[in-house]
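Keep the viewer open as you read.

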Amino acid sequence: MNLTSNGVPIPFTPELFGRLRPSADLLAPRDPDALRERLDADGYLYLPGLLDRAEVLRLRGEYFSLFPPGLLAAGSRPEDGVFSGRVPAEVPEYGVAGHPAYTFVRSAPFDDFVGNPVLAELAAQLLGFKAEMLPRRILRHFHRGTLRASRAHVDLDYMDEGSPRVVTLWIPVGDCPPQTGALVYLEGSHRLAPEEYAPLRDVTDRPGDRRQICHDLALTARTLGRRWLCADFAAGDVMVHLPRTIHASLDTTTDAMRLSVDARFIRSDDTPDPRWLKPWSADDGA
Ligand SMILES: O=C(O)CCC(=O)C(=O)O
């Protein structure tokens with residue numbers, strides 16, 4: 001597998017990659033104490049098949065149906081989300097007003113999907129209290145050719161004006177193996193003190209932004225002596241992570257486009273970061 005993130009190669013070797021530990025065994029029967037302990041131990045929960053696959057694929061189809069003809073490969077179905085290799089000229093910049101992702105996160109089908117009680121119940125069990133979803137829910141859509149992905153970061157650096165008791169749910173909207181741009185998690189990184197990775201922030205392809213840790217995932221893994229954990233995500237899977245867990249994503253190199261949602265929950269008696277109280281747009285600066 002030839003993997004890159006933001007165009008920087010990361011060799012798929014046992015030194016740099018391991019596999020995420022699945023926790024589906026803790027779901028049926030549901031064991032909230034064990035789920036909390038696992039999240040605390042690993043910094044993430046990988047929950048294969050938590051959601052109904054058909055529902056997730058329906059959402060994928062609803063999103064890709066919003067594009068003008070030309071984005072999807074000829075003869076393919078919207079729910080397959082297969083890229084033609086060309087973005088129609090009339091599509092605005094990704095995620096800003098007028099782009100389908102901007103419209104979609106403000107739509108009823110999206111609200112119904114993220115409003116699935118399964119997600120809020122899980123968050124409440126993990127937070128040990130009634131949970132509230134922050135309104136800024138992000139729809140991420142990447143296609144091959146752009147060499148764009150999420151740099152290594154921790155969520156807390158983007159939401160440090162509210163309660164740090166946050167759980168993030170990352171939901172692949174479609175099958176998402178590493179080559180399709182999956183999320184990867186740095187093993188045990190929720191236990192690192194920020195000072196330990198602070199020097200990596202100087203190695204950056206975005207000098208104006210100190211929030212991300214590093215765009216070079218191989219360098220990050222080697223410097224911190226930890227592997228990136230990955231999985232062949234399938235539609236229906238859900239990842240949960242803590243606000244101090246280092247994660248990143250890989251570049252999308254398949255014809256299948258990468259689509260995912262991330263949604264964050266806090267305890268309903270905690271103070272939210274005010275920047276996360278409005279619907280997401282790609283130019284909101286948060
Ligand atoms: O989907 C991505 O590439 C990034 C998602 C992320 O950073 C998150 O869910 O916290």
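**Around the ligand**

Fourteen is the number to start with: of the 14 residues around the ligand, the ones that come nearest are Ser150, His153, His247, Arg258 and Arg264. Bear in mind that this is a predicted model. For histidine 241, the distance from a polar side-chain atom to an oxygen atom of the ligand is 3.2 Å. How much of the ligand's accessible area does the protein cover? On its own the ligand has 290 Å² of accessible area, and the protein covers 99% of it.

Arg258 is one of the residues that come nearest to the ligand, and Arg258 also turns up among the contacts of threonine 252. That threonine sits in the loop between β11 and β12. Is threonine 252 buried or exposed? Its relative accessibility is 4%, so threonine 252 counts as buried. Its side chain reaches the backbone oxygen of threonine 180 at 3.0 Å. Leaving aside residues up to four places away in sequence, threonine 252 touches Phe142, His143, Arg144, Gly145, Gln179, Thr180 and Gly181, as well as Arg258.

Now for the charged pairs. The model has 25 salt bridges. In one of them, arginine 144 pairs with aspartate 255, with the closest N and O atoms 2.7 Å apart. Aspartate 255 is in the loop between β11 (247-249) and β12 (258-267), while arginine 144 is in the loop between β6 (138-142) and β7 (166-172), so this pair ties together parts that are 111 residues apart in sequence. Both ends are partly exposed: aspartate 255 has 42% relative accessibility, and arginine 144 has a relative accessible area of 28%.

Aspartate 157 and arginine 201 make another salt bridge, at 2.9 Å from N to O. The aspartate lies in the loop between β6 and β7 and the arginine in the loop between α6 (194-197) and α7 (217-224), so parts 44 residues apart in sequence are tied together. Here aspartate 157 is partly exposed at 23%, whereas arginine 201 is buried at 12%.

The loop between β6 and β7 also holds arginine 165, and its partner, aspartate 270, lies in the segment after β12, so the pair links parts that are 105 residues apart in sequence. The side chains of aspartate 270 and arginine 165 meet at 2.9 Å, N to O. Aspartate 270 counts as buried at 15% relative accessibility, and arginine 165 is partly exposed at 41%. Salt bridges with shared partners also join Arg140, Asp155, Asp262 and Arg264 into one network; Arg264 is one of the residues that come nearest to the ligand.

The largest nonpolar core has 52 residues, and Leu139, Val167 and Val240 have the most contacts inside it. Who does leucine 139 touch? Not counting residues up to four places away in sequence, the list for leucine 139 includes Tyr63, Tyr94, Phe104, Phe110, Leu259, Val261 and Trp280. There is also a second, separate core of 23 residues, with Phe17, Val154, Tyr197 and Leu200 among them.

How values were computed. Residues are numbered from 1 along each chain as its sequence is written. This is a predicted model: local features need pLDDT of at least 70, side-chain atom pairs count only at pLDDT 80 or more; totals for chains, interfaces and linings use all residues. Side-chain values use heavy atoms; hydrogens and water are left out. A salt bridge is a side-chain nitrogen of Lys or Arg within 4 Å of a carboxyl oxygen of Asp or Glu. Helices (H or I, at least four residues) and strands (E, at least two) are DSSP runs, numbered from the N terminus. Buried means under 20% relative accessible area, exposed over 50%, partly exposed in between (1.4 Å probe, protein chains only). A nonpolar core is a set of buried Ala, Val, Leu, Ile, Met, Phe, Trp, Tyr and Cys residues joined through side-chain atoms within 4.5 Å. Contact means heavy atoms within 4.5 Å. A residue is near a molecule or strand if one of its heavy atoms lies within 4 Å of it. A polar contact is a pair of N or O atoms within 3.5 Å; within protein, one must be able to donate a hydrogen and the other to accept it, and residues adjacent in sequence count only if both atoms are side-chain atoms. Accessible areas come from the Shrake-Rupley method with a 1.4 Å probe; for residues, only the protein chains shown count as cover.
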